[in-house]
Structures are given as C-alpha cells and as structure tokens.
Number of protein chains: 2
Amino acid sequence: MKMQNFKYEGSGLNRFFGPLEAKIMEILWTTPLEMTIKDVQQKLDKAKVINFNTVMTVMNRLVDKGILQKKLVVRSFMYKPVVTRDEFMETQSKELTFDLIEEFGSLAVTHMVDALDKVDPELLDKLEQQIKQLKKDR
Amino acid sequence: MKMQNFKYEGSGLNRFFGPLEAKIMEILWTTPLEMTIKDVQQKLDKAKVINFNTVMTVMNRLVDKGILQKKLVVRSFMYKPVVTRDEFMETQSKELTFDLIEEFGSLAVTHMVDALDKVDPELLDKLEQQIKQLKKDR
DNA sequence: TCCTTACACTACAAATTGTAGTTGGGGGTA
DNA sequence: TACCCCCAACTACAATTTGTAGTGTAAGGA
C-alpha cells in the first residue's frame with residue numbers, strides 16, 4: 001500500500017488520491033462502520049449521482065492497491081480501509097519528511113523555520129523542544 | 001513551470017521527472033552551454049542509443065511545460081533550462097516544505113527531528129540556530 | 001537541381017483515473 | 001417452479017502522462 005506521489009495541487013486526501021478516490025476514502029474514513037458499495041455511493045454528492053459500477057470499479061482498484069479490504073458478508077461485500085486515517089497520515093508524513101530531508105538536506109532546513117513561522121508559529125516551539133529532548137537523550 | 005508531483009520512488013531528478021526527462025535535465029544542467037537535440041542525444045547512454053525524434057519530443061514537451069527554453073541559432077535550436085539547477089532545487093524544496101507543514105503540521109514536526117538525526121545530525125544544529133535567529137529578529 | 005539535416009506532425013503503447021455498459025449467478029418472490 | 005432483481009465480475013473507453021518512433025517538410029549546401 002505504497003503511495004506513489006505527493007501532489008503539489010489540492011489539499012488533504014487529494015494530495016494522494018484522484019478526486020473520486022479521495023471522496024471515497026473520505027467517506028470510508030469518516031464512517032466508523034464497514035460499508036457496501038451502495039452505502040458509499042449514496043453518501044457521495046447527492047447532486048450528481050455517480051454510477052454504481054463507477055464506484056465499484058474505483059473501490060476495487062483501491063482494494064487491489066492494498067488501501068481497502070473487502071469481506072463478503074451474506075450477499076454483498078463490506079469495505080473498509082486497511083489502516084485508519086491517523087495511521088495513514090502518520091505513515092505519509094513520516095515518509096515525506098524523510099524523503100524531503102534526504103533529497104534536500106540543508107535546503108529543506110532553511111525553509112522549514114520559515115514555513116513553520118508562516119503556517120503555525122507554535123510549532124516552532126514544539127520543534128525546539130524536540131531538538132532539546134533528543135540532545136538530552138544522547 | 002509548476003511541477004505536479006513529488007514521487008516517493010527514485011531519487012534526485014527522478015522524483016520530479018520521468019526517467020528519460022530526468023536524464024535529459026541532468027545533461028542540460030551539468031553542461032554549462034546551450035545544447036542542440038543532437039548534443040543531448042549523443043550524451044545519453046551510448047550503450048543504448050535513443051532515437052533523435054524521441055529526444056526531440058521529450059525536450060519539446062519540457063519546453064511546453066516551461067522547464068526548457070529553445071532559441072533558433074542558425075539552422076538548429078539551442079536548448080537550455082529556464083532556471084538553474086540550484087534555483088530549481090530551491091523552488092522545489094521551498095514548495096514541498098511548505099506543503100508538508102501545511103498538510104501535516106505537528107505530525108511533520110514530530111518526524112522532522114528524527115529524520116534529521118538519521119540523515120545528517122549536523123542539520124539539527126543548523127535548525128536550532130535558525131530558530132534562535134528567527135526569535136531574535138522579532 | 002538534388003540531397004542532407006533538423007524540425008514538425010502524427011501516432012501508438014503502457015499506466016493511471018474516471019466512467020459506465022454487459023453479463024452472469026444466486027436468492028427471494030409470485 | 002419460474003422469474004426477476006441485485007450485485008459482483010468483466011470489459012471497454014476516454015483523458016492524461018511519458019516513452020517511443022515513423023513520416024512529412026523546408027531550408028541550405030553540394
């Protein structure tokens with residue numbers, strides 16, 4: 001269930017998935033229960049109904065990619081994400097952070113402080129604490 | 001000349017470009033002069049010669065994307081990157097760092113220290129300095 | 001005038017993603 | 001029992017991206 005890309009465009013799940021895939025994952029991750037294709041289909045934009053087969057195809061591709069799992073229950077399949085949304089975000093942020101540092105090293109560090117300051121200055125303190133913590137632990 | 005994706009796979013320019021594109025950019029960026037298609041073609045793997053038209057198509061697509069510029073000189077076009085490799089890396093690292101922080105916030109911060117420690121511990125000091133610097137400036 | 005050279009145009013394949021039609025099996029209902 | 005409906009599987013097609021390469025064409029030199 002290795003992601004391929006981190007997209008520059010979009011936000012949230014759209015960074016990792018296609019638009020329809022993202023909507024589907026959003027639904028699966030904000031519903032505590034396993035869901036059938038029909039369940040998901042009905043939760044998608046009521047304005048523009050999406051064909052049942054379309055939803056099925058996309059969901060089964062997500063299964064193929066190891067992102068969803070399906071289980072036969074009585075007459076229909078129940079789908080649910082293999083990992084929780086938190087686990088997913090955790091994995092992605094870890095992966096990307098490492099890749100970023102590996103790829104850009106000091107260049108990334110240079111922008112890091114700037115980015116933190118602009119997006120959420122409190123994170124600067126958090127980062128500072130973590131550095132101190134690490135140094136103490138050694 | 002907006003990049004689309006940052007790929008999890010590969011390294012260096014392969015994170016941003018297809019394999020042939022990456023090789024071509026590598027050549028263009030490590031040669032101080034403007035080059036013709038033929039120049040580039042001859043610098044690509046001598047083992048497996050790549051068709052002139054193939055190189056031309058890919059290079060012209062890079063022009064369309066705003067990554068290369070071409071200029072008619074006498075009878076043939078000269079190609080060169082629109083920005084230097086350093087500028088490119090600078091832009092990408094900035095963009096990605098911001099996106100990472102925007103998207104993951106404190107989650108990214110948590111992994112940051114870990115990543116720096118594993119990849120290049122000296123960057124930890126650098127980061128610490130930069131935080132101090134910023135705080136002083138305000 | 002003819003040929004070489006280099007560019008333009010066109011096309012195709014594989015992969016990804018969105019879209020949807022057709023088929024078929026299995027179970028419930030008349 | 002006969003039939004129908006639901007849902008899953010299979011198939012297909014379009015657009016996009018990237019790699020690949022053939023054909024057409026124009027311009028300059030021999």
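Visitor: At what angle do the axes of helix H1 and helix H3 of chain B cross?

Guide: In this predicted model, helix H1 (residues 19-30) and helix H3 (residues 52-64) of chain B have axes that cross at roughly 80 degrees and come within 10 Å. Axes here are lines fitted to C-alpha atoms, for helices over the stretch in contact, and angles run from 0 to 180 degrees between N-to-C directions. Helices (H or I, at least four residues) and strands (E, at least two) are DSSP runs, numbered from the N terminus.

Visitor: What do you call H1(B) and H3(B), relative to each other?

Guide: H1(B) and H3(B) are roughly perpendicular to each other. By the cut-offs, angles under 35 degrees count as roughly parallel, over 145 as roughly antiparallel, 65 to 115 as roughly perpendicular and the rest as oblique.

Visitor: Which residues make the contact?

Guide: On H1(B), Leu20(B), Glu21(B), Ile24(B), Met25(B) and Leu28(B). H3(B) brings Thr54(B), Val55(B), Val58(B), Met59(B) and Leu62(B). Contact means heavy atoms within 4.5 Å.

Visitor: How many of those in the contact of H1(B) with H3(B) are nonpolar, polar or charged?

Guide: There are 8 nonpolar, 1 polar and 1 charged residues in the contact of H1(B) with H3(B). Ala, Val, Leu, Ile, Met, Phe, Trp, Tyr, Cys and Pro count as nonpolar, Asp, Glu, Lys and Arg as charged, and the others, Gly among them, as polar.

Visitor: And in chain A, at what angle do helix H1 and helix H3 pack?

Guide: About 80 degrees, with the axes of H1 and H3 of chain A 10 Å apart. H1(A) and H3(A) are therefore roughly perpendicular to each other.

Visitor: How many residues of chain B are in contact with chain A?

Guide: 53 residues of chain B are in contact with 53 residues of chain A. The two chains bury about 5,500 Å² between them, 68% of it on carbon and sulfur atoms. Buried area is the accessible area (1.4 Å probe) that two parts lose on being put together, summed over both.

Visitor: Which three residues of chain B supply more of that area than any other three?

Guide: Tyr8(B), Glu103(B) and His111(B), with 14% of what chain B buries against chain A.

Visitor: What does Phe98(A) touch, and is Phe98(A) buried or exposed?

Guide: Phe98(A) sits in helix H4 (residues 85-104) of chain A and counts as buried at 14% relative accessibility. Buried means under 20% relative accessible area, exposed over 50%, partly exposed in between (1.4 Å probe, protein chains only). Leaving aside neighbours within four places in sequence, Phe98(A) contacts His111(B), Asp114(B), Ala115(B) and Lys118(B).

Visitor: What about the phi of Val74(A)?

Guide: Phi of Val74(A) is positive, about 55 degrees, although Val74(A) is not a glycine. Most residues other than glycine have a negative phi. Val74(A) lies in the loop between strand S2 (68-73) and strand S3 (76-81) of chain A, and it is exposed, with a relative accessible area of 75%.

Visitor: And what is the phi of Val74(B) near?

Guide: Near 60 degrees, so positive too, and Val74(B) counts as exposed at 77% relative accessibility.

Visitor: Last one: how are residues and chains labelled, and which pLDDT is needed?

Guide: Residues are numbered from 1 along each chain as its sequence is written, while chains are lettered from A and ligands numbered from 1 in the order in which they are written. Local features need pLDDT of at least 70, side-chain atom pairs count only at pLDDT 80 or more, and totals for chains, interfaces and linings use all residues, while side-chain values use heavy atoms, with hydrogens and water left out.
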